[in-house]
Every structure is written in C-alpha cells, then in structure tokens.
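Biologist: I'd like to learn how to read a fold one feature at a time. Could you walk me through an example?

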Amino acid sequence: MKVFITGGTGFVGSHLTQRLLQLGHEVTVITRSAEKCRTLLPGAAFVEGNPARPGPWQEGVAKHDVIINLAGRSIFTYWTGKARREIIDSRVSITRNVVDALQGAAEGTLLISASAIGYYGSCQDDRTLDESSPPGDDFLAEVGKRWEAKAMRAEQTGVRVVRCRFGIILGKYGGAIEKMIPAFRYCLEVPWGTANSGFRGFTWKTSWASWCS
C-alpha cells in the first residue's frame, strides 16, 4: 500500500511512519528539508514542500492509496489573537491543499484526517460522547469544526474520509507530557479528571508527587 503523510516527521507522524514501514508499506512524507529527515525516517520517501501552500508537492498525492493528514501548528502556546489565527489557518490551509491534490484520485482512495476531542468543547462533565454528539462552542471546538469541514470536501471527489478525533497523546520524548513535565517538577500538578472520567486524578497525583520528593 502506498501512503502519503503530512506531519510525518512530528511526534505522532514519525512513529506512524516507522510502523507503516515495518509493515512493508511504501510511505512518502512531505517535508521542508528531505536531507534532514532521511536519518530520522530511513526507508521513507520524501517530497519537499510546504503543505500550507500549493506547489509541485501536490502532483503525486492522488497516486497514493491512503493519505494521512496530521500537520498543523501546535496548540501548545499562548493563545494570543495571532496564535489562534495561525492554529486555525494552518490546519485549514493544509487540509484544503491536500484535498485539492486529490482531484482525480482513484476509487477507493482513503483520506485519514486528524482532528481532536476538543471538537466537543471543554465543558462536558462526565457525559458519554460519540461521533453523533454535537460540537462545542469554544476555541478548540471551532478549530475542530473548521478542520473537519475542509477534510469532508474530499468526499465530493469520491474519496472516503475518516476523521480521527485524538485525545491527549502521551509518550516519551514528546506529546503532551513533554510540555507538562516542567510544571510537574515544580509540583504544579492538578488532577486530570474525576474517578469516573477517563483519567483518574488520584493515580496521576501519586505519580507526580514522586517527582517532587
């Protein structure tokens, strides 16, 4: 299977690329510097370009069986007016360019486009949410709605679209933990949820306390 990935050198993308290569798939990653990435992801193919802008990189996208769209400006920053615009614009423009590149894609082509559970809004208490649940009305919900709307345009060309609403991604050397550890070291921890939620606060509080001893 031939796979094209945006965001393939990021925390999630690099692990996914490595796994796909291990399974014997052909993986092409768009990057601004192929030379820097070859040692990071040996075995992958690279096309140079900026996915936020139309360009020659779009020419071969439709020749792939699966397109995985993970790219977008990090939300781990101060949410100034400028940062908010960049967070939304990066996702919207990249997804629009990916979808535009899928014109003429073969029947059966699959677009897997990232989104996040922020789509549902931040004030959901302990309610159970599924794909049919309505979006929220805060900033991250707006990001998710506009991001997903651009991805769904691909269905007009006959491409199947899967939207992945990621939760908090944890792992060594990246993800949310990397951003949180500095606060943990100063004992500025808070529970991640109640005993009824997906994250059990007392478990994490115990773990964090060990770092502060």
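This is a predicted model: local features need pLDDT of at least 70, side-chain atom pairs count only at pLDDT 80 or more; totals for chains, interfaces and linings use all residues.

Biologist: Is Gly108 buried or exposed?

Modeller: Buried means under 20% relative accessible area, and exposed means over 50%. Gly108 comes out at 61%, so it counts as exposed. You'll find Gly108 in the loop between α3 (81–101) and β5 (110–116). Its C-alpha lies 9.0 Å from that of Val66, although 42 residues separate the two along the chain.

Biologist: And Glu148, buried or exposed?

Modeller: The cut-off for buried is under 20%. Glu148 has 3% relative accessibility, so it is buried. This residue belongs to helix α4 (residues 139–152).

Biologist: Which side chain makes a polar contact with that of Glu148?

Modeller: For this, you look for a pair of N or O atoms within 3.5 Å. Here the partner is Arg163, with 3.2 Å between the two side chains. Leaving aside residues up to four places away in sequence, Glu148 touches Ser115, Tyr119, Arg163 and Arg165.

Biologist: Now strands. Which ones pair with β1?

Modeller: Pairing takes at least two bridges. β1 has four bridges to β2 (residues 26–31), in the parallel sense, and four to β4 (residues 66–69), also parallel.

Biologist: Why is β1 described as largely enclosed?

Modeller: Count its buried residues: four of the five in β1 (residues 2–6) are buried, so the rest of the structure largely encloses this strand. Follow the chain, too: β1, helix α1 (residues 11–22) and β2 form a right-handed β-α-β unit.

Key. Residues are numbered from 1 along each chain as its sequence is written. Side-chain values use heavy atoms; hydrogens and water are left out. Helices (H or I, at least four residues) and strands (E, at least two) are DSSP runs, numbered from the N terminus. Buried means under 20% relative accessible area, exposed over 50%, partly exposed in between (1.4 Å probe, protein chains only). A polar contact is a pair of N or O atoms within 3.5 Å; within protein, one must be able to donate a hydrogen and the other to accept it, and residues adjacent in sequence count only if both atoms are side-chain atoms. Contact means heavy atoms within 4.5 Å. A crossover is right-handed if, with the strands pointing away from the viewer, the path from the first strand over the helix to the second runs clockwise.
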